[in-house]
Amino acid sequence: MTGGAPRALVDQDVKPRDVLEREVGAALSLEVGVEATEEALIEALDGVEILFTTSRLPVTRRVLERADSLRLVAKIGTGIDTIDLDAAADNGVGVVYTPGMNALSVAEHALTLLLAVKRNVLTGQRALEAGKWRDEVPNARSVAGTSVGIVGFGNVGSRLAGLLDGFNVDVYAYDPYVHDIDTQITGTTLTDFETVLSEPEAVIVTAEHTSETRGMVDERALATMDDDAVLVNTARGPIVDTEALVDALRAGTVGGAGLDVFETEPLPSDSPLHDFENVVTTPHIAASSVRARSSIIETLVECVFAFLNGETLPERFVAVNPAERPRAAPDDSDGN
């Protein structure tokens, strides 16, 4: 390192920023903000040793090969699919992240979206805005006493099952990497993909984005769901085929959707998803509770300082050591 504090680039989506500034103090020179393109990131990383990022920034092989000063990537949340881990290892760049630390926040948001769709929250709001009253709003559908399917039973999915317990619902889960003993504590029934789609009255996606899960909720999968069933996605946008979902919503073969993540982010203002009153959308904020984010930032800063001081990093938070190959990715996503 040259004289002065090491430089750190901070994605503008890393919040609350005052927590980061407080934890870092004068030990790092923080530079906030960069466009979410390879070219902009490469330019911004010139002379930068530490990158604090969310899933917004494309930390690709091209970026990592050109970021000569970069030593460590500190990723908010569990999902590390926007970071080329092989390239990081090849270029001696460490990667730390915070698996499971925002899982409860994401689970809460998934339940919020499900309730918002089922209880006609958006329809009711638009009715009020138009000077209408409850007689022009359809009756809500209950969550309590129904059944819910969860696709991906990792940190988020298991916590979601716990939250659903208070609604007295039957919970089904699909996750080929989970043993049924892992679902016993929540009374969840582990089953196959077709059953988790066809049996419940709502399907919530909390799976990790991988080559296996990309596009798995496609036209065929949506056709398997009941016409009144609600789809919720707080994992990653590409897991759900947007075009197929829009077609199903138009045809009335799906009862509604609650979406926090999208194939294209930010979601374009002219997206047909905005046209449906039975679709509730939020801007990839499921993991963004103050408590979860503050704890995550504090943990990442501790990892960064340990790294700069040459100390051993906690294994739980290490995706790539500078001199090692990346370990396997986790089994669920944080929607971050």
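Because the model is predicted, local features were required to have pLDDT of at least 70 and side-chain atom pairs pLDDT 80 or more, whereas totals for chains, interfaces and linings use all residues.

The space within the largest pocket amounts to about 810 Å³. A pocket is here an open set of points, on a 1 Å grid over the protein atoms alone, with protein on both sides within 12 Å along at least five of seven lines; a cavity is a set of points where a 1.4 Å probe fits but cannot get out, and lining residues have an atom within 4 Å of a point. Grid points are joined across faces, edges and corners, and a volume is the space filled by probe spheres set on the points. The pocket lining comprises twelve nonpolar, ten polar and eight charged residues (nonpolar: Ala, Val, Leu, Ile, Met, Phe, Trp, Tyr, Cys and Pro; charged: Asp, Glu, Lys and Arg; polar: the others, Gly among them).

One cavity of 30 Å³ or more was found in a search of the whole structure. The volume of the largest cavity is about 50 Å³. Its lining is formed by N233, G237, V240, T242, L245, L259, V261, F262, E263 and L273, and it divides into six nonpolar, three polar and one charged residues.

Two helix pairs were examined, with helices (H or I, at least four residues) and strands (E, at least two) taken as DSSP runs numbered from the N terminus. Helix α5 (residues 103-118) packs against helix α7 (residues 155-164) at an angle of about 55°, the axes being 8 Å apart. Axes are lines fitted to C-alpha atoms, for helices over the stretch in contact, and angles run from 0 to 180 degrees between N-to-C directions. The two helices α5 and α7 are therefore oblique to each other; angles under 35 degrees count as roughly parallel, over 145 as roughly antiparallel, 65 to 115 as roughly perpendicular and the rest as oblique. Contact (heavy atoms within 4.5 Å) involves A103, L104, V106, A107, E108, A110 and L111 of α5 together with N155, V156, R159, L160, L163 and L164 of α7. Ten nonpolar, one polar and two charged residues make up this contact.

Helices α1 and α11 (residues 290-308) pack at about 30°, with axes 9 Å apart, and are therefore roughly parallel to each other. From α1, V19, L20, R22, E23 and V24 take part in the contact, and from α11, S294, I297, E298, V301 and F305. These residues divide into six nonpolar, one polar and three charged.

Backbone geometry was also considered. Most residues other than glycine have a negative phi, and most peptide bonds are trans. The peptide bond from K15 to P16 is cis, with omega near 0°, and P16 belongs to the loop between β1 (7-10) and α1 (17-24). A cis peptide bond also joins E265 to P266, with omega near -5°; P266 is situated in the loop between β11 (256-259) and β12 (279-281). N120, although not a glycine, has a positive phi of about 60°.

Notes:
Residues numbered from 1 in each chain as written. Heavy atoms only, no water.
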